[in-house]
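I opened a notebook for this structure. These entries record what I looked up.

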Amino acid sequence: MACFPKPCLTLLLLVAVLGSSNAQLSTNFYSKSCPNLFSTVKSTVRSAVNKEARMGASLLRLFFHDCFVNGCDGSLLLDDTSSFTGEKNANPNRNSARGFDVVDNIKSAVENACPGVVSCADILAIAARDSVEILGGPSWNVKLGRRDARTASQSAANNGIPPPTSNLNQLISRFSALGLSSRDLVALSGAHTIGQARCTSFRARIYNETNIDASFAQTRQRNCPRATGSGDNNLAPLDVQTPTSFDNNYFKNLVNNRGLLHSDQQLFNGGSTDSTVRGYGNNPSSFSSDFVSAMIKMGDISPLTGSSGEIRKNCRRVN
């Protein structure tokens, strides 16, 4: 079929525009500008995880909480300033988001290797992957090339990150708004195979809900008093079996009504995601491959690329 110059040019421009949002993210983005990037990040992450296994879950969570608020742009890492109130003290992060000092250490090591080259947003993406791998989970090629936001928003964090009280429809809706499917939702929730949660996040579930294994609820109640304000920051593992190993036990727990958070158990509660949960519980390799796909997809949410944003020298403040 003949193609006249003007229509062809228009088509090419359209393709270029549609592909531009992620066109500058690539797995070899720093191959020449910072060839030792991956080994530099991984050694610092490994040191932190060896010191405290929970830190792997904390670093992975930072990437989630960054990407869900105005995209994967490192905004979560910014301290408050006179011009904006940042995300660190938003409800989903206050007294629970942690690992900022480890990110500082990674950034310092990377700056020594290649000053002014690698964004804090990309450091979060790499550290999340390394944390999963170090704790026994899958590895993947991280797409890179993000730049750092010059601002942050506490209100966007309050509205953008699904709380542990979310029901299934709310979870599906929020993930869908970011281009993530219900299968992505279940796979990414599998990150709760590692890490801990505070009593305030699961108190209502262990005392008030009926779709919970009785002995599991009783065990959790021992370290989480019913009265608000008492033991609020006491911790419990999100996966009671292997809280420092990245595996598929989280899904087996859900099938047995042993999900710690209300939002966890919503994934297996007679709804549309039950079959996916059961499938991941029966097939760890299926979970691993879907988790990798979903992590890459999440990392593509609204990155700043090209001349947008900046490359921060210090992850806590704009240049």
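**Ground rules.** I call a residue buried under 20% relative accessible area, exposed over 50%, and partly exposed in between, with a 1.4 Å probe and protein chains only. The model is predicted, so I note that local features need pLDDT of at least 70, side-chain atom pairs count only at pLDDT 80 or more, and totals for chains, interfaces and linings use all residues. Residues are numbered from 1 along each chain as its sequence is written, and side-chain values use heavy atoms, leaving out hydrogens and water. Helices (H or I, at least four residues) and strands (E, at least two) are DSSP runs, numbered from the N terminus.

**Disulfides.** I took a disulfide as a pair of cysteine sulfur atoms within 2.5 Å. The count comes to four disulfides.

The link of C120 and C315 is left-handed, with -95° about the S-S bond. C120 sits in helix α5 and C315 in the segment after α14, 195 residues apart, so I noted a link between distant parts of the chain. C120 is buried at 0% relative accessible area, and C315 is buried at 2%.Next came C34 and C114, with sulfur atoms 1.9 Å apart. I read -50° about the S-S bond, a left-handed link. C34 lies in the loop between α1 (5-23) and α2, and C114 in the loop between α4 and α5, so the pair ties together parts that are 80 residues apart in sequence. C34 is buried at 4%, and C114 is buried at 4%.

Then I turned to C67 and C72, joined by a disulfide at 2.1 Å, S to S. This link is right-handed, with 115° about the S-S bond. C67 is buried at 0%, and C72 is buried at 0%.

**Salt bridges.** I counted a side-chain nitrogen of Lys or Arg within 4 Å of a carboxyl oxygen of Asp or Glu. The structure holds 15 salt bridges. One of them pairs D79 with R316 at 3.8 Å, N to O. D79 lies in the loop between α3 and α4, and R316 in the segment after α14 (284-299), so the pair ties together parts that are 237 residues apart in sequence. D79 is partly exposed at 30%, and R316 is partly exposed at 26%.

I also found R258 with D213, at 3.3 Å, N to O. R258 is in the loop between α11 (249-255) and α12 (262-265), and D213 in the loop between α9 (199-208) and α10 (214-221); 45 residues separate these distant parts of the chain. R258 is partly exposed at 25%, and D213 is partly exposed at 25%. Elsewhere, salt bridges that share partners join D79, K88, D104 and R316 into one network.

A further pair is D130 and R129, at 2.8 Å, N to O. Both D130 and R129 are buried.

**Helix α2.** I checked residues 37-51, which make up α2. Which residues of α2 are buried? I listed L37, T40, V41, T44, V45, A48 and V49. They cover an arc of only 155° around the axis, taken from the directions from the helix axis to the C-beta atoms, which puts them on the same side of α2. The buried residues pack against α3, α4 and α5 (120-134).

**N93.** Is N93 buried or exposed? N93 is buried, at 1% relative accessible area. N93 lies in the loop between α3 (54-67) and α4 (100-113). For contact I used heavy atoms within 4.5 Å. Leaving aside neighbours within four places in sequence, N93 is in contact with H65, L76, E87, K88, A157 and I161.

Terms used. The expected span of a helix is 1.5 Å times one less than its number of residues.
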